[in-house]
Amino acid sequence: GQGRDNVRISEMLSGEDWDIVSLGSQSFLAGYDTAYRTDMQYMLDYLRDNEPGALLWWPVAWSFADGYTPYSTGVTLAGAYADYWKNSKWMYNAIVRCTNTHILNNSESFDFVVPTGVAVQNLRATLGRDLTRDSDHLTNKTGRLVAGVTLFNSLCLELGYTPDLSLLTADKVTFLVDGVAQYPDKDYKAADLPKIADAVKAAFADLSDRALTELDVPDPPKN
C-alpha cells in the first residue's frame with residue numbers, strides 16, 4: 001500500500017505479529033560513537049517490551065562515496081569531522097568501529113547483525129566502483145542486488161540453513177526497477193553475479209567472530 005508519514009512506532013508494531021524488527025541508524029550518523037549512546041538502549045527496551053516475540057536485527061550501513069557531503073552538521077564527534085573528511089574508507093572504518101563496540105560487543109543488544117555495508121564494501125573493492133547512484137543510495141541493479149542477497153542470506157540463516165549463492169545466475173535474477181529511468185545502472189553485468197555472491201559470503205565470514213575488520217588505510221588527520 002501507499003506509505004504514510006508520521007506513523008507512530010506503536011501503530012506499526014500493532015499492525016502485525018512481527019517475527020523480526022529491524023532497527024538501524026541514519027546513514028550519516030552510522031560512524032558516530034555518540035549516536036549509539038543516546039536513544040538506542042531506549043529503543044531496544046521499548047521494542048522488547050512491546051514486541052517480545054520478535055527478533056531485533058541491526059543492518060550495518062555502507063559508507064558514502066568519496067567527496068560526498070549530504071549536509072553540514074557543524075559538529076565534531078568522536079574525534080572526526082562531521083563529514084568524515086569526505087573519505088569513503090574513513091567513514092567505513094568509523095562504521096565498523098561503532099558496530100563492533102556498540103552492537104557486536106553488546107550481548108544484550110541485537111539478536112542478529114545484517115552485514116550489508118560489509119558486503120557492499122567487499123564488492124566495491126572487487127569491482128572498483130562505489131556502487132551508488134548519487135554518492136549515497138545504492139545503484140538500482142548491482143548495489144541493490146548485493147544488499148538484497150545479504151538480507152536473503154540472513155533470512156535463510158535464521159531459518160536454519162545456508163543458501164547456495166552459486167545459484168545466483170542471470171536466469172534467476174529479475175529486477176523490479178530496471179535502472180533505465182532517472183538513475184540508470186549502466187555498469188551492471190550478469191558476469192559480476194559470482195562476485196556479488198563472493199562479496200556476501202566474505203561479509204558473513206568477517207562477521208563470524210563478532211568483530212568486523214577495518215580497512216587497512218592511513219588514519220584520518222587529527223583535529
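Predicted model: local features only at pLDDT ≥ 70, side-chain atom pairs only at ≥ 80, totals over all residues.
Residues are numbered from 1 along each chain as its sequence is written, and side-chain values use heavy atoms, with hydrogens and water left out.

Helix α3, residues 88-104, has 17 residues and spans 22 Å from its first C-alpha to its last, close to the 24 Å expected at 1.5 Å a residue. Because 14 of these 17 residues are buried (under 20% relative accessible area, with exposed meaning over 50% and partly exposed in between, for a 1.4 Å probe and protein chains only), α3 is largely enclosed by the rest of the structure. At its start, a side-chain oxygen of N87 comes to within 3.0 Å of the backbone nitrogen of K89.

The whole structure holds seven salt bridges, each a side-chain nitrogen of Lys or Arg within 4 Å of a carboxyl oxygen of Asp or Glu. One of them joins R97 to E214, with the closest N and O atoms 3.0 Å apart; since R97 lies in α3 and E214 in the segment after α6 (193-207), the pair ties together parts that are 117 residues apart in sequence. R97 is partly exposed at 39% relative accessibility, as is E214 at 35%.

Another salt bridge pairs D187 with R129 at 3.8 Å, N to O, linking the loop between α5 (142-158) and α6 to the loop between α4 (116-127) and α5, 58 residues apart. In the salt bridge of D33 with R37, the closest N and O atoms are 2.6 Å apart; D33 is partly exposed at 21%, whereas R37 is exposed at 56%.

Definitions and conventions
Helix = DSSP H or I, 4+ residues; strand = E, 2+ residues; numbered from the N terminus. Expected span 1.5 Å × (residues − 1). Polar contact = N/O pair within 3.5 Å; in protein donor to acceptor, adjacent residues only side chain to side chain.
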